[in-house]
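User: I have a model open and some questions about it. Can you go through it with me?
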Protein chains: 2
Amino acid sequence: MYSFTEENYLKAIYKLSDNNGSGVSTNSIAENMQTKAASVTDMIKKLSDKKLLKYEKYKGVNLSQKGKDVAIQTIRKHRIWEVFLHEKLKFGWEEVHEIAEQLEHIQSELLINKLDEFLGYPTHDPHGDPIPGENGEFHNNAFVSLDTVEANKKVILSGVINHSVPFLQHLKKIDLTLGQKLMVIEINEYDRSLKLLLNGKIEIFISNEVAKNILVK
Amino acid sequence: MYSFTEENYLKAIYKLSDNNGSGVSTNSIAENMQTKAASVTDMIKKLSDKKLLKYEKYKGVNLSQKGKDVAIQTIRKHRIWEVFLHEKLKFGWEEVHEIAEQLEHIQSELLINKLDEFLGYPTHDPHGDPIPGENGEFHNNAFVSLDTVEANKKVILSGVINHSVPFLQHLKKIDLTLGQKLMVIEINEYDRSLKLLLNGKIEIFISNEVAKNILVK
DNA sequence: ATATAAATTTAGATTTGTCTAAAATTAATA
DNA sequence: TATTAATTTTAGACAAATCTAAATTTATAT
Ligand SMILES: [Mn+2]
Ligand SMILES: [Mn+2]
Ligand SMILES: [Mn+2]
Ligand SMILES: [Mn+2]
């Protein structure tokens, strides 16, 4: 139905939309897609012709309902594939994104629904991001970032805000993985760094910078 | 590394090669790929420049070792994905090919090897075709077509020669599925049609045309 | 051996997606 | 407000893959 490139543009524009009604700028899309502004202008003209977004010269773009639908379905496919790669094929959570970038463009609704069933209808991907349903509905995840959690409360590591490979590798290195049970046992007032208890056993220290980027429930 | 189109051309040429040293003709490639001869000429020039095949004007093409390697790895990916779709996602054997045509182009050696491991290193795809190993080695399957099997010998349905969707749907309709235990209990001399016993229970009749296209072991 | 037919290649165009450099518009600043 | 700066769009080109129509080469038939 839609090309790889079209799906990637729609996904990028969707992620850059703040729902403030303000159009997404050409430059921000170009930066996000690692391409040039001129290429973006060319492409948004095509997407506009196909009624996937509304485009006003020099004013940026806004996705139409149709455009949002395609973007959300692409995100759904991406995140379901990430779950498969992590849960079934045992890829690290820092490895799944790149491969899912390819798999998200496979065209078969039946495939993604059967895969969803095979995985037991997961609600979140390995980074803690919610997986939209078949009809595009998002259920809000009530995750909070670890730096806001009070001391001596048991929580479960459920996601990350920073998705970068270096950050994910760092978490892996200090044994902070998805599903990990943990408790804040000390909060240093000075720099808001934390002492954590993992699985009721090991104690580790993390900086506030790291804590801000960890989601727990 | 190589584009979808390049992989598809190499796969088609590989399948059309008879190993007689005789070049694969432009027209046969065009027919196989559902494209025009002129497009084939354009593409084989590019593949020749990349040393993936040897091309002599008006004389057809022969894959180089490099070209064969790419073709075989693409076939490997295709067949492993078919096993996944059939075994894990419960797609019918008439449905897997089309989706595998897309999945075979996903680029990640690690992915296909982890998938291979996840599936328990399958040796054959859902149509009974052998899956080449990581280094391209084919192990010969010793399957025989059902019309050559003598009466009262127990065999297992292990593959098909005709891969067409209508043929596979017909087999499904008459309960002939992969792994089915069966025995020839009567061979009609007149038209070489067969009476079969399925799972030691049900008796069915099949024509010689059907029997010729079924592989058993 | 010539003529006709079939297969193959070339010439020239098209579509998709990209780019650089230049022009036009909008935003920022003095 | 006038000038400069930043953003965005256009113009023109390019690579990949495809096509149609015409030219060329090879095969077949008289
Ligand atoms: Mn991702
Ligand atoms: Mn993710
Ligand atoms: Mn197949
Ligand atoms: Mn197959």
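User: Start with Glu203(A). Is that residue buried, partly exposed or exposed?

Analyst: This is a predicted model, and in it Glu203(A) is partly exposed, with a relative accessible area of 48%.

User: Which residue does the side chain of Glu203(A) meet in a salt bridge?

Analyst: Lys195(A), with an N to O distance of 3.9 Å. Lys195(A) is at 18% relative accessibility, so it counts as buried, the cut-off being under 20%.

User: Are Glu7(B) and Lys77(B) buried or exposed?

Analyst: Glu7(B) and Lys77(B) are both buried.

User: Which residues are joined into one network by salt bridges that share partners?

Analyst: Lys11(A), Glu101(A) and Glu104(A) are joined that way.

User: Metals next. What coordinates the manganese ion (ligand 1)?

Analyst: His78(A) through NE2, Glu82(A) through OE and His97(A) through ND1, at 2.1 Å. Along the chain, these donors follow the spacing H-x3-E-x14-H. His78(A) is in helix α4 of chain A and His97(A) in helix α5 (residues 96-103) of chain A; the two are 19 residues apart, and the pair links distant parts of the chain.

User: How accessible are those two histidines, His78(A) and His97(A)?

Analyst: His78(A) is buried, with a relative accessible area of 6%. His97(A) is at 38% and counts as partly exposed.

User: What about the manganese ion (ligand 2), which residues coordinate it?

Analyst: Glu82(A) by OE, Asp125(A) by OD and His127(A) by ND1, at 2.1 to 2.2 Å. The spacing of the donors along the chain is E-x42-D-x1-H. Of these, Glu82(A) sits in helix α4 of chain A, while Asp125(A) is in the loop between α6 and β3 (144-145) of chain A, 43 residues away in a pair that links distant parts of the chain.

User: Which residue bridges the manganese ion (ligand 1) and the manganese ion (ligand 2)?

Analyst: Glu82(A) does, and the ions lie 3.4 Å apart. Glu82(A) has a relative accessible area of 1% and is buried. Asp125(A), at 4% relative accessibility, counts as buried too.

User: Switching to the DNA. Which residues come nearest to DNA strand D?

Analyst: Of the 21 residues around DNA strand D, the nearest are Tyr55(A), Lys57(A), Ser3(B), Thr35(B) and Ser39(B). By class, the surface near DNA strand D has eight nonpolar, eight polar and five charged residues.

User: What part of DNA strand D is within 4 Å of the protein, by atom type?

Analyst: Of the atoms of DNA strand D within 4 Å of the protein, 78% belong to sugar or phosphate, and the rest to bases.

User: Give me some specific atom pairs.

Analyst: A backbone N or O atom of Asn27(A) lies 2.9 Å from a phosphate oxygen of DNA strand D. Ser3(B) has a polar side-chain atom 2.7 Å from a phosphate oxygen. For a base contact, a polar side-chain atom of Asp42(B) lies 3.3 Å from a base nitrogen.

User: Which elements give two or more residues to that surface near DNA strand D?

Analyst: In chain A they are α2 (26-33) and α3 (37-49), and in chain B they are α1 and α3 (37-49). α3(B) gives the most, with five residues.

User: Last one. What domains does the assignment give for chain A?

Analyst: Domain 1 (4-63) and domain 2 (144-216). The C-alpha centres of domain 1 of chain A and domain 2 of chain A lie 36 Å apart.

Technical notes
Residues are numbered from 1 along each chain as its sequence is written. Chains are lettered from A and ligands numbered from 1 in the order in which they are written. This is a predicted model: local features need pLDDT of at least 70, side-chain atom pairs count only at pLDDT 80 or more; totals for chains, interfaces and linings use all residues. Side-chain values use heavy atoms; hydrogens and water are left out. A salt bridge is a side-chain nitrogen of Lys or Arg within 4 Å of a carboxyl oxygen of Asp or Glu. Buried means under 20% relative accessible area, exposed over 50%, partly exposed in between (1.4 Å probe, protein chains only). A residue is near a molecule or strand if one of its heavy atoms lies within 4 Å of it. A polar contact is a pair of N or O atoms within 3.5 Å; within protein, one must be able to donate a hydrogen and the other to accept it, and residues adjacent in sequence count only if both atoms are side-chain atoms. Helices (H or I, at least four residues) and strands (E, at least two) are DSSP runs, numbered from the N terminus. Ala, Val, Leu, Ile, Met, Phe, Trp, Tyr, Cys and Pro count as nonpolar, Asp, Glu, Lys and Arg as charged, and the others, Gly among them, as polar. Donors are N, O and S atoms within 2.8 Å of the metal (3.2 Å for Na, K and Ca); water is not among the atoms, so sites may look incomplete. Domain bounds come from an automatic or database domain assignment.
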